[in-house]
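Please load the model in a viewer and keep the sequence panel open beside it.

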Amino acid sequence: MARLEPAERPFSEVDDVGVVICQGAVGWHVGLLYKAADGEPRVLHLAFHHDLKDEVAEAPFRWAQIGLDSDNKAVLAELLSRIAFKNPKISYGFNADGVCFDPATGALAHL
C-alpha cells in the first residue's frame with residue numbers, strides 16, 4: 001500500500017508518476033502526478049464535469065509513489081502529458097462502454 005509523502009517532500013521527487021489527494025469542499029479529491037518532458041511535476045485531475053485540469057503540482061495536494069516498474073511509469077507519464085495536451089471533455093459518469101484514451105494521441109476515443 002502506498003503511503004503519503006510528508007507535506008514538505010517536494011513533488012519533484014516523484015519517480016515519473018504518482019497519485020495526489022487533497023481534502024476538497026465536498027470530500028476527497030484525487031488526481032495523477034507526473035513529470036512533464038521538461039521535468040516539471042504536474043497534476044492532471046478532473047476538477048469538474050468536462051473540466052480536466054493540468055496544473056503545476058503544489059499544496060494542498062499530498063502525493064504518493066505508485067507501484068509500477070520504471071518503464072511503465074515512463075510510458076504512463078508520457079500518456080498523461082498527451083492527454084493533458086489534448087484536453088478532452090471528460091464527463092463525470094465516465095463509463096466503460098468502449099471509451100478510452102488513444103495511447104498515440106491522448107485523445108478521448110469511442111471504440
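Two strands are taken to pair if DSSP finds at least two bridges between them. Helices (H or I, at least four residues) and strands (E, at least two) are DSSP runs, numbered from the N terminus. The model is predicted: local features need pLDDT of at least 70 and side-chain atom pairs count only at pLDDT 80 or more, whereas totals for chains, interfaces and linings use all residues. Residues are numbered from 1 along each chain as its sequence is written, and side-chain values use heavy atoms, with hydrogens and water left out.

**The sheet.** Begin by selecting Ile-21, which stands opposite Arg-62 in strand 5. Now display the open sheet of five strands, whose order is 4-3-2-1-5 with antiparallel pairing. Strand 4 (51–56) and strand 5 (62–65) are the edge strands, each pairing on one side only. From one strand to the next, the twist averages 30 degrees; axes are lines fitted to C-alpha atoms, for helices over the stretch in contact, and angles run from 0 to 180 degrees between N-to-C directions.

**The helix.** Next select residues 70–86, helix 1, which packs on the sheet. Helix 1 touches strand 1, strand 2 (27–35), strand 3 (41–48) and strand 4, contact meaning heavy atoms within 4.5 Å. The direction of helix 1 makes about 110 degrees with that of strand 2.

**The cores.** A nonpolar core is a set of buried Ala, Val, Leu, Ile, Met, Phe, Trp, Tyr and Cys residues joined through side-chain atoms within 4.5 Å; buried means under 20% relative accessible area, exposed over 50%, partly exposed in between (1.4 Å probe, protein chains only).

Centre the view on Tyr-34: not counting residues up to four places away in sequence, its contacts include Asp-16, Glu-40, Arg-42, Asp-54 and Ser-81.

**The whole chain.** Finally, select the entire protein chain, with its one helix and seven strands. From the N terminus on, the elements run β-β-β-β-β-α-β-β. Of its 111 residues, 29% count as buried. Along its principal axes the C-alpha trace spans about 40 × 35 × 25 Å.
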